[in-house]
Amino acid sequence: MVELDIVKNDDMEMLLKDISHLYGYDFTQYSKASLKRRLNRICMLDKFTSFAELRYRLIHDSTYLSRFIEEITVNVTEMFRDPHFYATLRHHILPILGTYPFIRIWVAGCSTGEEAYSLAILLKETNLFDKTLIYATDINPSVLEKASKGIFPLNHMKQYSRNYILSGGKNDFSSYYVSMYDVAKFHSNLSSRMIFSTHNLVSDSSFNEFQLILCRNVLIYFDKDLQNKVFKLFDDSLQPLGFLALGAKETLRFSNVEHHYKQWNEDRIWKKIS
Amino acid sequence: MKNRKATEILLIGGSAGSISVLLEVLPHLNDHLSFPIMVIVHRQAHPESILEGLLAFRSRLPVEEAYDKMILKASRIYLVPADYHLLFEDKQMVSLDYSEKVNYSRPSIDVTFQSAAQIFMGHTTALLLSGANADGLEGLRCIAQQQGDVLVQDPDTAEIAYMPQQALLNLQVDAVLKPREMASFINQLSTKY
C-alpha cells in the first residue's frame, strides 16, 4: 500500500513552524520528501481524515507530541546491520581505540538501541568493554526507554545472528540474550556501560569528546544545510584521530568538513586527521 | 489519444525476471536522452553489488548508483541502492530513505513511482517490467492520475507475468511493450535526437 497524499507542501511548512514555535522541535530542515511520507503515514495510522485534524490535535494536545515525534522519525534499525562494517570495527578500528586508557563512543540517533547493543557485544569480545562508555542519544525519549531495556523481537534474532556471524562473531549469538515468549532480552550487563540521553542533532550542542561517533542512516533525513551543521557538531565532538562512522549510502564527501578527514578504505568510516 | 507532456523522468521498475530485460534494452538506447532514467529493481542487499557494473557494461549511457541528495542529470541511468527507498525532493534532487518496507520491498517501486508523480506530475513516464509481486501497481496508478505515461512489459514476454498483468488488469495503460520494442519507444520520448 502507498500512503495517502493528503498533506500538501504548504500545509507541511505551516505545521513545522507551529511545532517549532510551540514545542521547540525544529523539523524545518528535514528532507521534505521523507517527512511528507511520515506525515501522511501518521494521518493514516491515527485516522486523521484531513491535515487540519492533525494540526488541531498537535496544537491543542501537548501529550500527543511524543507520539508525533515517535512516528515522524524513522526508527527502523537492525543489530549488526551491514556486517562488513562491524567486521571493520572489530578488526581495525577497535584495536586502535584499545590503545587509549579510556574509550568514549557516541551513537547519535540510536533509536531503539540495536547498534549500541551490537557495539557492546563487539567491545566484550575485544576485551574493551570495561574501559568504554557508550553514549546512546536520540531526539525521541520513548525509543530511548525501549533501548535501555534491551528487549527486541525474537523473530529478528535469526537475521541478527546471521549478521553477527558475517561480521566475524565467533560465539553463539543466543548466549547474549534470554528468550521470553516472543522477545529476546539482552543481558543487562551489556547496557551497564551505556548512557541513554535525549539529544536533538538540530538544536543541541556538543556534550563531550569521543574517539568514535556512529551516526548511521540518520543524515539521509536531513537537508544539505542541516547535514553540514551536524557534520560540524560531530567534528567539534571528535578528538583528533577519532573516527566517524556513517550509513552505507552516506558520505562526508562534498561536506564542509571533508578536508579534515580521511576515509578508511571503502568503508563508511572517516578518520579525523586535522 | 491524450495530449502527452514531455517526459522529464523515466522510471523503470521490475522484480524477478527484469534484469534480463534491462540487459536487452539498455544497449539500444540513444546516447543522448533529454531526461534521466531511474531504475528500481528488487534485489538482495549486498555490499559489492555487481548489478551496476553489469548494466554499465551493456549501456552507452553512464550508469551509477543513486546516492543521498544526488543531483539528477539527463542521459544518465541511476540505480536505486539495495535496501533503501528513493524519493524525489524536487525535479533535480533525490533523497534516500530507510523507513519500513512497502510491499515487503525496499526499495519499493510504489514509493519511488508515487514520489515521482508528486514532483514531476504529468511529465513522469514509468515502465513496469516482469515480477512476481504487485509492487508498482499503486505507483503506476498515481502516475496515471497525474496524466503521466504508464507503460508495461507485455506479460507474454515476461519471465514472471504477474507484475505487468496486475497493471493491465487494474489500469488504463498507454502502451504494452515487448522488450525489443522498448528502446526505440524510449528513444522517441526524448526531445532531442
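Which residue in β8(A) is the bridge partner of Phe210(A)? The structure is a predicted model, in which local features need pLDDT of at least 70, side-chain atom pairs count only at pLDDT 80 or more, and totals for chains, interfaces and linings use all residues. Residues are numbered from 1 along each chain as its sequence is written, and chains are lettered from A in the order in which they are written.

The bridge partner of Phe210(A) is Leu238(A). Strands β7 (residues 210-215) and β8 (residues 238-246) of chain A run parallel and are joined by five bridges; strands are DSSP runs of E of at least two residues, and helices are runs of H or I of at least four, numbered from the N terminus. Both strands belong to an open sheet of seven strands in chain A, ordered β6-β2-β1-β7-β8-β10-β9 with mixed pairing, where two strands pair if DSSP finds at least two bridges between them. Because β6 (194-198) and β9 (261-263) of chain A each have a single partner strand, one side of each is left without a neighbour in the sheet.

In the interface, 15 residues of chain A are in contact with 24 residues of chain B (C-beta atoms, placed from the backbone, within 7 Å). Helix α2 (residues 32-45) of chain A supplies three residues, the largest share of the side of chain A that touches chain B.

Chain B has six helices and nine strands. The C-alpha trace of chain B spans about 45 × 35 × 30 Å along its principal axes. Among contacts in chain B with a separation of 6 or more, 70% join residues 24 or more positions apart.

Conventions:
Contact = placed C-beta atoms within 7 Å.
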